[in-house]
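Notebook open, structure loaded. I jot things down in the order I looked them up.

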Amino acid sequence: MDFDGLFNEQLDVLKDEGNYRIFAELERRCGAFPRARSHDDDAPDEVTVWCSNDYLGMGQNTEVRAAMKRVIDECGAGAGGTRNISGTNHHHKVLEAELADLHGKESALLFTSGYVSNWAALSTLGARLPDAVILSDELNHASMIEGMRHARCQKVIWKHNDPEDLDRKLTALPSNATKIVAFESVYSMDGDICPMQEIVEVAEKHGAMTYLDEVHAVGLYGPRGGGISEREGLADRITLIEGTLGKAYGVVGGYITGSEALCDFVRSFASGFIFTTALPPAVAAGATTSIRHLKASSAERKRQREQVAKLRAALDREGIPHLPNPSHIIPVMIKDPVKCRQIADILMQDYGIYVQPINYPTVPKGTERLRFTPGPLHTDGDIDRLVTALKTLWKQCAIAHQVA
Ligand SMILES: *Cc1c(COP(=O)(O)O)cnc(C)c1O
């Protein structure tokens, strides 16, 4: 049996469509973010990263690194087990208390990633609650979709960011159903933000539980980095808030927060929590330090916002179309997978600008884009160089100038 032939057949389809993924091999330069050394032959040795989810550069923060080094020396490299069998370290418990406080909840539960936290929590809730129905925003992240699939309960998809459609779909459900409304605050590909108050009110009206993914908002929004739910003063009305330690907090890991009983329920029944080695204690300590730093300091958030506004204004001046949105994410629409890849290649090879092309299935076909995430460490010079390069490419590649 020619197994490789079977593999290659499907890979060739991706390649023909222009959707084959090519990773940039980089070495991030600590102390010099967003600069990175490139190991690709056809790119300059040093490149500027424009698509990182380490939104605030916390991955190179001095206190975060010091905490991680200290705890490696104190506790060793790994956790040594699952949370249940010898793997629960004091540093995990400290981090969970910090997370519960961040969102004003009774309790928090750590996972090895945000993906795992969504998958494990949603699948456990959907599978175990009596007559559960999960009502999912149509643009929810793959990790939530996998969780719902695994839950094998009834699923209802509601129109993206549309509380009226949610209301209609909740109304249609039988009164005995346990309803779970799953949605995100900041959607990572379009950078739009949900109408949280309206969604919460609709859910409350129907007695539904709310499950909120704040992955692209924690650390970035709210006076202490508690996300959009903190900024809008709605955190106490949301049943479960999920987040990541791998994006704005610059480390790795995922979590849920909620009531004591909710977290204990997921802790006790979720296979994705129980049967896997706990995060290294040093990672937990680094994340705790990062959260504490961003609770007290708004300097990084403020500077990020300024750089985001500057890039938007510069793109507008040059007539380069980008999706308008109220977040830190700037999607420049190309709407063609091959062109999107080509532009990204030229930016990397000729200008040392790294932005990963975003193609299907991450976004729908025909909405291919470059997704820029300016941070506090991008200089005004970086922004000028990026916009000059895009301007030149727009002429060369004859891409439409009208607003997307
Ligand atoms: C990245 C992402 C996740 C997963 O978080 P990780 O910590 O990277 O696994 C979950 N939800 C959304 C919306 C994301 O973009």
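I started with Cys153: buried, at 13% relative accessibility. My cut-offs: buried is under 20% relative accessible area, exposed is over 50%, and partly exposed sits in between, with a 1.4 Å probe and protein chains only. Cys75, by contrast, comes out partly exposed at 33%.

Caveats before I go on. This is a predicted model, where local features need pLDDT of at least 70 and side-chain atom pairs count only at pLDDT 80 or more, while totals for chains, interfaces and linings use all residues. Residues are numbered from 1 along each chain as its sequence is written, and side-chain values use heavy atoms, with hydrogens and water left out.

How many disulfides does the structure hold? I got zero, taking a disulfide as a pair of cysteine sulfur atoms within 2.5 Å. Cys153 is in no disulfide, and its nearest cysteine sulfur belongs to Cys263, 19 Å away.

Thr257 was one. I found this threonine in strand E10, residues 254-258 (strands are DSSP runs of E, at least two residues; helices are runs of H or I, at least four; numbering is from the N terminus). Thr257 has 0% relative accessibility, so it counts as buried.

Then I zoomed out to the whole chain. I logged 15 helices and 14 strands. The radius of gyration is 22 Å, close to the 22 Å from the globule rule for 404 residues, so the chain is as compact as a globular protein of that length. For the record, that radius is over C-alpha atoms, and the rule is 2.2 Å times the number of residues to the power 0.38. Along the principal axes the C-alpha trace spans about 60 × 55 × 55 Å.

Of the contacts between residues at least 6 apart in sequence, 71% join residues at least 24 apart.

Terms used
Contact means heavy atoms within 4.5 Å.
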